[in-house]
Amino acid sequence: MEPHRSPEHTPDGHFVVVKGRKWRATDPAIPEETAARLRRHLMSARRAVRAATSAADANAEAAARARVNRAKIALGERGTPWWDQTADERRRRWEQGLAHLDEEARS
């Protein structure tokens, strides 16, 4: 097994390259603690998608996929590109996304 390596980034830093495919990079302005919390929400939502698809529960799957999307947007990996947003717009995006995901997790 190959040891974990950070993915290659494009020269502009906007994308990571994994197995020859480009994916939008996480917004580098997100504080590490916040980014870690968002990644935990993302992974939890992905596990929920898997469980829902295994159980053939379409409603749970839709809800879990919405949580995945919300986390990806908060991380800057979907939605308006983070490099096209002002610093205030970027901060608002991840703060609001995290608040919403935290609230959902408490429900």
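R93 sits in helix 3, which covers residues 87–106; helices here are DSSP runs of H or I with at least four residues, strands are E runs of at least two, and both are numbered from the N terminus. The model is a predicted one, so local features need pLDDT of at least 70 and side-chain atom pairs count only at pLDDT 80 or more, while totals for chains, interfaces and linings use all residues. Residues are numbered from 1 along each chain as its sequence is written, and side-chain values use heavy atoms, with hydrogens and water left out.

With a relative accessible area of 10%, R93 is buried (buried means under 20%, exposed over 50%, and partly exposed in between, using a 1.4 Å probe and protein chains only). A polar atom of the R93 side chain lies 3.1 Å from the backbone oxygen of I73. Once neighbours within four places in sequence are set aside, the residues in contact with R93 are D27, I30, I73, A74, L75, G76, W82 and Q85, contact being heavy atoms within 4.5 Å.

R90 is another helix 3 residue, and at 15% relative accessibility R90 counts as buried. As for spacing, the C-alpha atoms of R90 and T80 are separated by 9.7 Å, with the two residues 10 apart along the chain.

T26 belongs to the loop that links strand 3 (21–24) to helix 1. T26 is partly exposed, at 28% relative accessibility. Outside the four places on either side in sequence, T26 touches L75, E77 and W82. With E77 there is also a side-chain to side-chain polar contact at 2.4 Å; such a contact is a pair of N or O atoms within 3.5 Å, where, within protein, one atom must be able to donate a hydrogen and the other to accept it, and residues adjacent in sequence count only if both atoms are side-chain atoms. T26 and Q85 lie 59 residues apart in sequence, and their C-alpha atoms are 14 Å apart in space.

Now for the chain as a whole. Its secondary structure comes to three helices and three strands, running β-β-β-α-α-α from the N terminus on. The C-alpha trace spans about 40 × 40 × 20 Å along its principal axes. Of the 107 residues, 30% are buried. Taking contacts between residues at least 6 apart in sequence, 54% join residues at least 24 apart.

On to helix packing. The axes of helix 1 (residues 32–54) and helix 2 (residues 58–75) come within 8 Å and cross at roughly 160 degrees; axes are lines fitted to C-alpha atoms, for helices over the stretch in contact, and angles run from 0 to 180 degrees between N-to-C directions. The two helices are therefore roughly antiparallel (angles over 145 degrees count as roughly antiparallel, under 35 as roughly parallel, 65 to 115 as roughly perpendicular and the rest as oblique). Helix 1 passes helix 2 in a left-handed crossing, which applies if the near helix is turned anticlockwise from the far one by less than a right angle, clockwise being right-handed. By class, the contact of helix 1 with helix 2 has 13 nonpolar, three polar and six charged residues; Ala, Val, Leu, Ile, Met, Phe, Trp, Tyr, Cys and Pro count as nonpolar, Asp, Glu, Lys and Arg as charged, and the others, Gly among them, as polar.

For helix 1 and helix 3, the axes come within 10 Å and cross at roughly 45 degrees, and that makes helix 1 oblique to helix 3. This crossing is left-handed. T34, R37, L38 and H41 of helix 1 meet W94, L98, L101, D102 and A105 of helix 3. The class count for this contact is five nonpolar, two polar and two charged residues.

Two backbone torsions deserve a mention. K19, in the loop between strand 2 (15–18) and strand 3, has a positive phi near 50 degrees while being a residue other than glycine. K19 counts as exposed at 87% relative accessibility. A56, in the loop between helix 1 and helix 2, is not a glycine but has a positive phi of about 55 degrees. A56 is exposed, with a relative accessible area of 68%.
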